[in-house]
Amino acid sequence: MSKRFPYNTEDLKPSRRDFLKWGGAGMATAMMARYGLAPILAQNMGEIPAELHPGSPNNARGWTTSLPPIPEGMPVDPPVTITGSRRGPWEFADGDDIENSPFTRLNAAVTGIQWKLAFNWTDNEGEVLQKYNLAIASNELPDFMETVPLQVYSELLENDLLEDITDVYEEVAHPVWLKEAMSFSDGIAWRLAEVNGRKMGLPYIEQAAQNDKVLWIRQDWLDAVGMSAPSTIEELHAVATAFKEADMGQGGDGATLGIAANRQLNTWYCSLDPIFGAWGVMPTFWTPDENGDLQYDSVRPEIKEVLGTLRAWYSEGLLAQDFFTFAPWQNAGTHIGGNLAGIMYSPAFGAVYGLPDSVANDPDARWTFGDIPTGPTGIKKKAWSNPVPDTVYCFRKGFEHVDLVLKQVAWWAELLQSPANRYHGFEGTDYFWRNADGDLDPMGSVLDLNGYDSTKHIWGPPGTNGGSRTDPYFETNWIKERRNVWANTPEDERDALMEAFLGGDPLSVLWDEANVFAVDHWEADGIKNHFLTVPTRTMERAGTSLEGLEAETFINIITGQESLDRFDSFAEEWRSGGGDRITDEVNEWWHGQM
Amino acid sequence: MTFKQYMKRAWPLYVMIVPGLIFVLLFRYYPMYGVVIAFQDFSPAKGFTGSPWIGWENFEFLFSLPEFGRIFSNTLIISISKIVADQVGAIILALLLNEARLVLFRRTIQTLIYLPHFLSWIVLGGILLDILSAGGILNQAIGALGIKSQLWLGSNDWFRGTVISSGFWKNVGFSTIVYLAALTAINPVLHEAAAIDGAGRFRRIWHITLPGIRPTIVLLAALSLGDVLQAGFEQILTLYSPAVYRTGDIIDTYVYRVGLISAQYSLAGAVGLFKSFIGFGLIVLSYWLADRYAGYRIL
């Protein structure tokens, strides 16, 4: 597409008077403006210089990234500088840095926004709090604050330091890439970012169903014992028992386990949450009861039935004797990688966490995944993984350019999240050509020490170090595009980007399949934790005590150190030890929400 | 020598002390005013001056915790056992190494026992979790000897023992080195004279070596008493699980879990102040005891 330049060439020559008028440095700027060399000032040009484009159209096996239309009124003139905080680390080539990278150059050309780093942190536990607290104490908050932790967020709210973006959002937020994308699951994205119906920041959104469990099981073991994948908890028990009795594992005699578990019953890997879900309850979650009040699931009577079941399984040796000392990451190494267990409830990424070790230690290992089994009354539920962590993007009170940031966010969201745009970052920053044949290494460039993350240098959302987005289905849409569109491209016509993602090893193909599966079951099978705000007063005071009591009691019941009836006295202790007060406080918040 | 004459000669020494003095005042004493947050409902936005004062509320909360008795006694038991094991073990090891004739042997052992000191608990914890698991190397080894396997990390009977012995393994090398250094300061003439008088190895250790390092023993014991409420936060955090809260949960790990629910700067400040207060009292006490019974004084 060629666009006619609106001036005739004669007009473009700077006159002698121009020199006199503007002087040296000013002249250079003015010339660049007139010739369209400085994209920031290239008002209404509608075209971004080719050297700023992502993608690799000039490589023989490269691809073209299409850019969304430039938002209305952009790029702004004069350009606007916005300060922001960022989570590191990062690494750039050729003198680039976080303020001047392929991203910021393209971004400045599109939006006119120039980002300036206020401060950054790399340790996401202690350092982030320290940096934000310092900024609050010294009254030097950046205009835009990345991933503000919950404690800091409530601090900022209490002291009225945040800009209310509700009205600007209504007016300028993109109908598809912001408003619609962030409306999933009854607007759960806004539970933290919205306070009393006012938007006090932008939500941080991760991938849908990223910790939702599927049942991972050894197909070769199933074949060996002549059984098929379990569809009920009863069948699961039978299969686990058969695995154990046939001693399918690699450890010493009798070392095979029925199912891998660890000290957290409801956790991110080798979790038991779908077993609790089979009875319709979820420990540590707050769920609505029949009156519309929130109840604490850990003290519901159904929990006792699940604990009774697990207690029986433990006594039969289906759980590791010391499972309750294990952390999830240890399951991956010892139980799964060491081929002691052939069944686990883990997320889709379980395909590439634990399983690679399993296959390395036993080349015959054939893992497969399936839906979670149903309980005695036909219930099939699991912990719904919330893609909105306890963190918010905030704007400093009095910041005047919220509208510009929202427009930028929408433009990048469309670029990244619409698979048809084929965005895979910038050559030399996010990927590099591996050899003369033009093979692409999709897992990051040589400069990127932290692996593939073609969005982490973006001031976002979307992007940022940690990969937030506006659309939780972003990853899954990409997988579908790859499998449905790219895979149908004849092999000799595929470009390097297609090839890099299509020719994956069996485990990463399994990961993709499990991802799509988990996302398809996300809304229907998930039990949601409805308490999503700062801890209540009594939680702060008594929460640690009650959590400890719960964890200790559940483990002791499962391991048989205490009787099953201990559950009843536990529930009583929980209520009288502050639980009743917490329930009141939680419901006060809950009903205030509606 | 008058004061004036003395100062004329000694002033460069005083000048040399000044940077150190400034450092201590600036970085050790000046930040102490931060303890005020222990008596406030501190919020970083309001700062030290703006946060509301709440008196003893944080301390009352700490002492009225249903688990306070448990975490306080766990802390004391684990930490005192560690101090005793560490000091006694280090003295014995130092004496043994001191008697070893072969220098190469002595140096090798010294380096090997010192090595774990340089590894962080996160790394060591990962190794220990594996070694000490139900099917781990230790249980396999004792199983081969016909001994019943134990849940070293998962049973309330064993957890403290595991913490104390793994702490011993990590730290004893460092303490040993201090004692070895003290041993070299003993005049060899004493040993030679005693040998001529017919004293054997054990008599010489008892009558010469041990009295020779007595000030060091007293000093190290006094200093470690100041840490009596530090039972090893990182170590226990990596090794414990809810099943052993009864015997393994200490003040620091408990407060850490409180902080996971919401950042409570003031409570953490109160706990720190409480620990320092107890530690300070114990240091004063042990210093007095050292002066009284070992004739040891700093000034």
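**Exercise 1. State the handedness of the crossing of H18(A) and H20(A), then describe their packing.**

Solution. The crossing of H18(A) and H20(A) is left-handed. Left-handed means that the near helix is turned anticlockwise from the far one by less than a right angle; clockwise would be right-handed.

This is a predicted model, in which local features need pLDDT of at least 70, side-chain atom pairs count only at pLDDT 80 or more, and totals for chains, interfaces and linings use all residues. Residues are numbered from 1 along each chain as its sequence is written, and chains are lettered from A in the order in which they are written.

Step 1: locate the helices. H18 spans residues 474-484 of chain A, and H20 spans residues 506-525 of chain A. Helices here are DSSP runs (H or I, at least four residues), and strands are runs of E (at least two), numbered from the N terminus.

Step 2: take the angle. The two axes come within 10 Å and cross at roughly 125°. Axes are lines fitted to C-alpha atoms over the stretch in contact, with angles from 0 to 180 degrees between N-to-C directions.

Step 3: classify. H18(A) and H20(A) are therefore oblique to each other. The classes are roughly parallel (under 35 degrees), roughly antiparallel (over 145), roughly perpendicular (65 to 115) and oblique (the rest).

Step 4: list the contact. H18(A) brings Glu475(A), Thr476(A), Ile479(A) and Lys480(A), while H20(A) brings Asp512(A), Asn515(A), Val516(A) and Val519(A). Contact means C-beta atoms, placed from the backbone, within 7 Å.

Step 5: sort these residues. Three are nonpolar, two polar and three charged. Nonpolar covers Ala, Val, Leu, Ile, Met, Phe, Trp, Tyr, Cys and Pro; charged covers Asp, Glu, Lys and Arg; the others, Gly among them, are polar.

**Exercise 2. Describe the side of chain B that touches chain A.**

Solution. Step 1: count. Chain B gives 27 residues to the contact and chain A gives 30.

Step 2: find the helices. H6 (121-131) and H14 (251-261) of chain B each supply at least two residues. The largest share, four residues, comes from H14(B).

Step 3: sort. This side of chain B has 16 nonpolar, eight polar and three charged residues.

**Exercise 3. Find the residues with the most contacts inside the largest nonpolar core.**

Solution. Step 1: define. Such a core joins buried Ala, Val, Leu, Ile, Met, Phe, Trp, Tyr and Cys residues through C-beta atoms within 7 Å. Buried means 20 or more other C-beta atoms within 10 Å of a residue's own.

Step 2: name them. They are Ile259(A), Leu319(A) and Met344(A), in a core of 120 residues. H21 (residues 537-558) of chain A supplies the largest share, nine residues.

Notes
Two residues are in contact if their C-beta atoms, placed from the backbone, lie within 7 Å. A residue is buried if 20 or more other C-beta atoms lie within 10 Å of its own, exposed if 12 or fewer, and partly exposed in between; C-beta atoms are placed from the backbone.
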